[in-house]
Amino acid sequence: MSRWGRKNVKKTPEVIRTVTEGLKSLYRKKLLPLEQYYGFQDFHSPSLEDADFDNKPMVLVVGQYSTGKTTFIKYLLEQDIPGSRVGPEPTTDCFTAIMHGEVEGVIPGNALIVDPNKPFRKLNPFGNTFLNRFQCAQMTNQVLESISIIDTPGILSGAKQRVSRGYDFPAVLRWFAERVDRIILLFDAHKLEISDEFSEAIGALKGNEDKLRVVLNKADMVGTQQLMRVYGALMWSLGKVFGTPEVLRVYIGSFWSEPLMVSDNRKLFELEEEDLFTDIQNLPRNAALRKLNDLVKRARLVRVHAHIISYLKQEMPSVFRKDNKKKNLIYQLPVIFSKIQLQHNISAGDFPDCAKMQEQLMVHDFTKFKTLKPNLMTALDELLSADIAKLMPLLRQEELEAGEQLGVQGGAFLGTRAGPFTEGDPFGLEKEDGCEEGEEEEDWVVTKDKPKYDEIFYNLAPNEGKLSGTKAKDWMVSSRLPNSVLGRIWKLSDVDRDGMLDDEEFALASHLIEVKLEGHGLPPELPNRLIPPSKRRQKGSDA
C-alpha cells in the first residue's frame, strides 16, 4: 500500500531563479554523471565545481616577456599589485590571480587550491612545481569588485625557451582559457617574432577564439609610417599561427600612464583604448551568456567523447590479441572519427584534436572503457535540445537588468567617463558632501606655483574668468598623458562640476599633471589640502 502510495507522489519542480543556478543544476544532474562514467576528465578538462559557475568574470593576460602585461594590469587598476615586479627581462615568473579582498596580501598556490570559494581547486593535478609558481594577489580595488585578472609568466623566446619550466605550460594556459571570459594577447611593437613556446601557447588557446582580443602595445614608440608596417607584419604572423581566414581584432595603443613618446597617432590610440575598455566593461553583463555558451561547448565535447570511448570498447576482442587491436584502433582513429561523425550526424568541429587523442589513448586500458548507456545519452540530448532553451527567457531578463548597470567601474575606467575626454561630456555628477570644519585653515599646496599657472591660464583667453572644456582639453593633451589619466585629472579638478575651469581649478589641474609626469599616482578623491580655497568656502556654505 505504502509502496503504491509513494509511486503516485509527484516531485516538486525545482525553482530556478537565475541562469547560473539553472546551469549548475543541469551540469550536476545531466552532464557530470556522463563525464564520470566515460572518464572525460582523463582526456580533457576536470569536472566543474560551484565556484566555476559563481565566479566573477576573469580576464587572462598573455604575451611574451617585456610586452607590458603587468604594466597593462596596473594601468587598468591604477594601483600597484602586491608581490609584482616590472622590468625589461622576464620578471613575472608566476601565474598570479589578482582578485578583490579586504586584506591586501599574497596567497600561495598550495593554500589557494584548497579554498572552496576560489575556482582553482582543479589545478592540483599540475603538480607542486606549478603550484609553487601560482599565487593570488588580493587587494581592495573598485575594478576587482566586478572582474578578476590572471597575469601570466612572460613567454620565452630564443635560447631561453629551451629551459624547462618544470610543468606543462600550454596545458595550464588551456585550463585557464576554458574558464575565463576574455583573453588579452599582448604584442610589443618592437617584438613581433613568434617563438616556438609562443606558438604552443597560442595553440593552447585554440577553440576559444571568441574570447580572444589582440593588443599591439607600446605603439607610441614608432611613427605613423612604421606603425602601419608593424601592424601589417603582426597580421601576417597571426594569420600563419591561427591558420584561419578570419582577421583577428587588434587594438593598437600604449597602455600605461606615462606620456606618449610619439603623439602623432594620439587620436587613434584614444579610440582603440575606448573600444577595448568598453569590451572589458561589458564582461559582467555578458557573464551568464558566456557560462551558458561554455557549458554547451563542453556538453557537445562530452557527447563526442562518449561515442569515441564506447566505439573503442565495442571493437576490442574479449580474450586474445588485445594489445595489437589497441594499436590498430589508435592508428585508425581518424577513420573512426569519420565513422562516428556520419553514424551520429555530429559536426566535425565538435571532435577533439586527433593527434592529441591518439597520444592520450596510448596509456589507457581499453578493456576498462564503458559501452554506450542510452539513458545518460538521452539526458544529454535533452540538455542540448530543450533544457538550455528553457533558460533563454531568464537570460534575456538578466541581460535587460544588467543593461541598466554601468559595468566595470574604478581604476582607468573612471577616466573614460570624465569631462571633455569622452563623447557626450557627462558632467551630471552629484555634488560631494560638505567638507569637515577647519579645512580652510589648511594651506593649499598649489599656492606656491599658482602665479606660473595663472600666466598659462590667461594666455588661453578664458571667457568670463573660465576656460571651456575644449580649450582646457587642448592644453592638457599637450602633456602627452593618456586620455584615461587626463580624464581622471579633469574629474578631480572640476570641483564645482560646471564643465569649465576657473583659475584655481586650472592651477589644480596643472599641479596634478605635473605630479603624474613625475611618476606619482593620483588620489581617488581630492584631499582637503588640494581643494581650492574658494571651493572650500562654497562647500561649507552648501553644507
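This is a predicted model: local features need pLDDT of at least 70, side-chain atom pairs count only at pLDDT 80 or more; totals for chains, interfaces and linings use all residues.
Residues are numbered from 1 along each chain as its sequence is written, and side-chain values use heavy atoms, with hydrogens and water left out.

The protein chain contains 22 helices and 10 strands, taken as DSSP runs numbered from the N terminus (helices H or I, at least four residues; strands E, at least two). Of its 543 residues, 50% count as buried, that is, under 20% relative accessible area; exposed is over 50% and partly exposed lies in between (1.4 Å probe, protein chains only). Among contacts (heavy atoms within 4.5 Å) between residues at least 6 apart in sequence, 80% join residues at least 24 apart.

Helix H20 (residues 483-493) packs with helix H21 (residues 503-517) at an angle of about 145°, and the axes are 9 Å apart. Axes are lines fitted to C-alpha atoms over the stretch in contact, and angles run from 0 to 180 degrees between N-to-C directions. On the H20 side the contact involves Val-485, Leu-486, Ile-489, Leu-492 and Ser-493, which meet Glu-505, Leu-508, Ala-509, Leu-512, Ile-513 and Lys-516 of H21. These residues comprise eight nonpolar, one polar and two charged; Ala, Val, Leu, Ile, Met, Phe, Trp, Tyr, Cys and Pro count as nonpolar, Asp, Glu, Lys and Arg as charged, and the others, Gly among them, as polar.

Rings of Phe, Tyr and Trp (its six-membered ring) were paired if their centres lie within 6.5 Å, with planes under 30 degrees apart called stacked, over 60 edge-to-face and the rest tilted. By this rule there are 23 aromatic pairs. Phe-126 and Phe-130 form an edge-to-face pair, at 5.9 Å centre to centre and 65° between the planes. Phe-126 is partly exposed at 23% relative accessibility, while Phe-130 is buried at 0%. The rings of Phe-187 and Phe-198 are tilted, with centres 5.3 Å apart and planes at 35°. Because Phe-187 lies in strand S6 (residues 182-188) and Phe-198 in helix H9 (residues 196-204), this pair ties together parts 11 residues apart in sequence. Phe-187 is buried, at 0% relative accessibility, and Phe-198 is buried with a relative accessible area of 0%. Ring pairs also link a cluster that includes Phe-95, Phe-120, Tyr-167 and Trp-175.
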